[in-house]
Amino acid sequence: MISVLVVDDQDLVRLGLRALLENEDGFAVAGEAADGLAAVDLAVRTKPDVVLMDIRMPGIDGLEATRRIVANPALAETRVIVLTTFERDEYVFDALRLGASGFLLKDTPPARLIEAMQTVVDGGALLAPSVTRTLIREFAGQQHRVVTPHPNLGQLTEREREVVGLVAQGMNNDEIARELVVSPATARTHVSRAMIKLGARDRAQLVVFAYQSGLA
């Protein structure tokens, strides 16, 4: 059973998400919160598998709430999915940097949202296809981009560095395998080893580390 904490300051959004989850086998609603402080408090008390997190809320926003949840050792198994209204939401990359496992648009079809929650619980990263490459282009094109290499970057092999760069381009394991002419299993192994060496919580954080380290 996947437990989900729903966080949004709009009653209608919370109601809709609750109705979806209550009618889906294998899911349970851990609680609801209308602001960031309540979200952090509920997360600590209920230890949900997934938090569906709005960004713009009163009190502390979804970014700060995400940071506090991810930083709490007691919530090491909790994954945060950011729900945003705008494809070009300027806070999306900050959410990933702070530890969110990915993001989706609020008009994402219900079946895709359910699949997304299963993905992050299984350790995958969630980067909405309609947003990912736009986000990547905009970040890569920043004029005052500051490169701060990860302290463990030197532990990566050349192939692992190459793989991390491809992950940051939005490629999945099958696409990486085709690009490098290796098997999907080999690509998956390279990604996993890179995540371990860099201490990446999930694939989304690996993308962040790639950009901060200048690998993409």
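Predicted model: local features only at pLDDT ≥ 70, side-chain atom pairs only at ≥ 80, totals over all residues.
Biologist: How many helices and strands does the protein have?
Modeller: Both are DSSP runs, numbered from the N terminus: helices are H or I with at least four residues, strands are E with at least two. The secondary structure comes to 10 helices and 6 strands.

Biologist: What share of the protein's residues is buried?
Modeller: Buried means under 20% relative accessible area; exposed is over 50%, and partly exposed lies in between (1.4 Å probe, protein chains only). Of the 216 residues, the buried share is 49%.

Biologist: Is Asp54 buried or exposed?
Modeller: Asp54 lies in strand S3, residues 50-54. An unreviewed UniProt entry annotates Asp54 as "modified residue: 4-aspartylphosphate"; such annotations may be inferred rather than shown by experiment. Its relative accessibility is 6%, so Asp54 counts as buried.

Biologist: Which residues is Asp54 in contact with, leaving aside neighbours within four places in sequence?
Modeller: Contact means heavy atoms within 4.5 Å. On that basis the partners of Asp54 are Val7, Asp8, Asp9, Gly62, Leu83 and Lys106.

Biologist: Which residue of S5 is the bridge partner of Leu83?
Modeller: Strands S4 (residues 79-84) and S5 run parallel, joined by 4 bridges. Two strands pair if DSSP finds at least two bridges between them. Both faces of S5 (residues 102-105) are covered, with Gly102 and Leu104 buried on one side and Phe103 and Leu105 on the other. The partner of Leu83 is Leu104.

Biologist: Within what arc do the buried residues of H5 fall?
Modeller: The buried residues of H5 are Leu113, Ile114, Ala116, Met117 and Val120. They line one face of the helix, because seen down its axis they fall within a limited arc. An α-helix has 3.6 residues a turn, so residues three or four places apart point the same way. Taken from the directions from the helix axis to the C-beta atoms, the arc is 155°.

Biologist: How far apart in space are Leu75 and Val44, C-alpha to C-alpha?
Modeller: Leu75 sits in the loop between helix H3 (62-71) and S4. Leu75 is in contact with Val44, and also with Ala43, Lys47, Ile69 and Arg201. Leu75 and Val44 are 31 residues apart in sequence, and their C-alpha distance is 7.0 Å.

Methods
Residues numbered from 1 in each chain as written. Heavy atoms only, no water.
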